[in-house]
Amino acid sequence: MNIEIDETKDKTLYLAKIKFRDNTVIYDFGNEKYKVFATEYSHLNFNEGEYYSKDEIKKLVDLNYEYKIKKYLFKLLNKNNLSINDVKASIYKKFGKNDISKNVLKEIIINEDRDIRFAEEYFEYLNSQNYGKYFILNFLKKHGISDKIIENLEFNNESEHNKCRTFFESIKHKYVSSNYIKQKRKLYDLMLLRGFDVDCIVSVLDSLKIDEQSEYEKLKKDYENYKYKYSSRYVGAKLKDKVINALINKGYSFKMIYEIIAELEEEDAYD
């Protein structure tokens, strides 16, 4: 007995049109369209007006996915400010780290010149914006630039010191409302974050002069504030200790604290 086989079974996708456009071919299945590079056309066996199963168009689906990755990759490669690591990260973020995306990245040769150009451009830019050596090094390593390329970049002590001082001059009035020690500490932290060497920072900060009168006024104000704050819970020597500790923690010198306390207590004695 002959058994008839329905060769159209599961072939539910109808290829309505094959369109050629520029360097691509579009396979139009109505609700689904797949675009591939024209170079793939001769390797595919699809004809207009026929039905195909999803299994049969699996290769077409993969080629369409590959086309999208390559199109996006070429767009990224036209941007000079991206490192090789940045390009790969962008591809994996958008398309996932799968066999197709990895094969595309292997197929499209990304020359080391891209990383050299990236390193040189950002080295020049970050130096011009007064970033320190360690910020620049961390920035380049974060973007996947190799030690071999980084070693060709030249840093010198004089340049680092000049950048450090220039940056200091731009921020030294940032914390004038703070007392001298606190101001110096905050400026130190900012300069450290900017990537400068500790010795360079200390050297530059030594030029920060204390305004004795301003420091006195700030200390006097903070003394009164802390005294008022703790007076509801403490009295006598206990209150005095709490106020002194609070002022020390805020950065005032031990000597200046005792001088102003003595002065203010003397004033209170005459009131």
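Select S2 (17-21) and S3 (24-28): the two run antiparallel, joined by 5 bridges. Strands here are DSSP E runs of at least two residues, helices are H or I runs of at least four, both numbered from the N terminus, and two strands pair if DSSP finds at least two bridges between them. Click Lys-19 and you'll find Ile-26 of S3 standing opposite.

A word on what you're viewing: this is a predicted model, where local features need pLDDT of at least 70 and side-chain atom pairs count only at pLDDT 80 or more, while totals for chains, interfaces and linings use all residues. Residues are numbered from 1 along each chain as its sequence is written, and side-chain values use heavy atoms, with hydrogens and water left out.

You have an open, antiparallel sheet of 3 strands in the order S2-S3-S4.

Next, pick helix H3, residues 99-107, and show Ser-101, Val-104 and Leu-105, which are buried (under 20% relative accessible area with a 1.4 Å probe, protein chains only; exposed is over 50%, partly exposed in between). They sit on the same side of H3 because they cover an arc of only 95 degrees around the axis, taken from the directions from the helix axis to the C-beta atoms.

Last stop: His-143, in the loop between H5 (133-142) and H6 (147-150). Is His-143 buried or exposed? Buried, at 18% relative accessible area.
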